[in-house]
Amino acid sequence: MRAVFQIIKEQAVNIHLIMRLAQFEIKSSYQLHYLGVVWQILNPATRIFVYWLVFGLGIRGGEAVGDVPFFIWLILGLIPWLFISPAIIQGSNSIFSKINLVSKMKFPISIMPSVAIATNGFNFIVLLILLGGLLVFYGINPGYYLLQLPYYLAGLFIFLFSITLLFSTISAIFRDFQSLIQSLMRMMIFVLPILWDVSSLPYPWLDILKLNPLFYLIEGFRDTFLGRGWFHEDLPYTIYFWAVTLFILFIGSILHMKFRNRFVDYL
């Protein structure tokens with residue numbers, strides 16, 4: 001547990017540094033573009049439009065999911081995914097990509113996954129604000145269920161940090177692992193309840209898909225904004241999610257502390 005507390009302490013102590021580095025990453029990514037950070041909205045908006053065109057109008061013919069317009073149902077899965085996917089891919093590569101810099105100075109290298117998460121978090125927050133406007137436009141009122149949004153946001157950020165801490169450590173040692181992560185993330189969008197409704201899947205396929213903690217988070221966002229239910233109503237699944245998340249954090253912290261002083265040797 002000492003490793004976990006050390007990692008968490010480094011994030012808390014260096015929160016201002018994390019935010020400054022994230023701001024720098026955002027500015028540097030778009031400084032040569034005429035539209036600048038506007039591309040952070042245009043890029044996900046374009047992807048959402050293409051998915052809606054293919055899966056909403058093309059495959060489903062505009063049919064709603066239950067009583068929810070497919071467009072709303074779709075973006076409630078895509079908005080968290082458009083944050084999750086790049087955060088995991090970039091976070092998993094964060095230590096390797098900055099190792100030459102941080103190896104030359106005393107630097108809390110464990111914050112690099114947090115920087116990647118914070119960098120992508122800006123876009124996520126903007127999309128959540130736009131989502132609120134769309135819900136008003138469609139007349140969808142989640143009511144008191146919005147009170148659990150902070151819970152799912154906390155679960156999302158904690159899970160992302162746990163998984164990227166583990167993956168970034170492994171990627172710094174085994175470079176092939178990063179390519180594997182990128183391939184898995186490209187596949188994951190089709191096996192999670194993002195583009196298609198999995199509620200009609202027969203046993204045991206739905207239970208197998210629910211083993212992925214991301215299933216819990218994506219469906220949690222839909223439950224929140226559509227007013228479908230509270231997180232504590234499925235207590236066993238909630239306990240499973242947090243058990244997996246904390247286990248990943250524990251393993252990731254131990255491996256990171258064990259290898260952090262030898263990362264340069266693997267490059």
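In this predicted model, Ala3, Val4, Gln6 and Ile7 of helix H1 meet Leu249, Phe250, Ser253, Ile254, His256 and Met257 of helix H11. By class, this contact comprises seven nonpolar, three polar and no charged residues. The axes of H1 (residues 2-13) and H11 (residues 235-259) lie 8 Å apart, at an angle of about 85 degrees; the two helices are therefore roughly perpendicular to each other.

Glu10 belongs to H1 and Arg260 to the segment after H11, so that the pair links distant parts of the chain, 250 residues apart. Glu10 counts as buried because its relative accessibility is 11%, and Arg260 is likewise buried, at 16%.

Among the residues making the contact are Phe71, Ile75 and Phe83 of H4 and Ile117, Phe124 and Leu131 of H6. The contact residues divide into 18 nonpolar, four polar and no charged.

Five salt bridges are found in the whole structure. One of them joins Lys210 to Asp234, with the closest N and O atoms 4.0 Å apart. Lys210 lies in the loop between H9 and H10 and Asp234 in the loop between H10 and H11, so this pair ties together parts 24 residues apart in sequence. Within H10, Arg222 forms a salt bridge with Glu219 at 3.0 Å. Arg222 is buried, with a relative accessible area of 0%. Glu219, Arg222, Asp223 and Arg228 are linked in a network of salt bridges.

Key. Residues numbered from 1 in each chain as written. Predicted model: local features only at pLDDT ≥ 70, side-chain atom pairs only at ≥ 80, totals over all residues. Heavy atoms only, no water. Contact = heavy atoms within 4.5 Å. Helix = DSSP H or I, 4+ residues; strand = E, 2+ residues; numbered from the N terminus. Nonpolar A, V, L, I, M, F, W, Y, C, P; charged D, E, K, R; others polar. Axes fitted to C-alpha atoms, helices over the stretch in contact; angles between N-to-C directions. Parallel < 35°, antiparallel > 145°, perpendicular 65-115°, else oblique. Salt bridge = Lys/Arg side-chain N within 4 Å of Asp/Glu carboxyl O. Buried < 20%, exposed > 50% of the residue type's maximum accessible area, 1.4 Å probe, protein only.
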